[in-house]
Amino acid sequence: MHIDWAALGQVFGVTLVVTVGIVGLFTVGIVGTSRKPAADGDAVAAAAPGVGSRAGALAAFALCALAVAYGIYLIVAA
């Protein structure tokens, strides 16, 4: 039995990068949707999320869903 260590290392590296990327993208989506708008008169009103942050969060979730769907497609197509 022969193990191709270079190929195993390459698979490990790609898996690690993609996993960290998807988890980071999902985290961006959660942060974008979890912030509460500041109450009227608060000094931090400028930090309240707007339509842009909500749209960015939804885009992050959509990219995560696409990545998962592509992974399922790769598994099923084989």
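Helices (H or I, at least four residues) and strands (E, at least two) are DSSP runs, numbered from the N terminus. This is a predicted model, in which local features need pLDDT of at least 70, side-chain atom pairs count only at pLDDT 80 or more, and totals for chains, interfaces and linings use all residues. Residues are numbered from 1 along each chain as its sequence is written, and side-chain values use heavy atoms, with hydrogens and water left out.

**View 1. Now meet the helix pair, H1 and H2.** Helix H1 spans 5-34, and helix H2 covers residues 51-77. Their axes (lines fitted to C-alpha atoms over the stretch in contact) lie 8 Å apart, at an angle of about 150° (angles run from 0 to 180 degrees between N-to-C directions). H1 is therefore roughly antiparallel to H2 (over 145 degrees; under 35 is roughly parallel, 65 to 115 roughly perpendicular, the rest oblique).

**View 2. Zoom in on Ile3, in the segment before helix H1.** Ile3 counts as partly exposed because its relative accessibility is 35%.

**View 3. Finally, take a look at Ser53 in helix H2.** Ser53 has a relative accessible area of 29%, so this residue is partly exposed. Gly32 is 21 residues away from Ser53 in sequence, yet their C-alpha atoms are 5.6 Å apart in space.

Technical notes. Buried means under 20% relative accessible area, exposed over 50%, partly exposed in between (1.4 Å probe, protein chains only).
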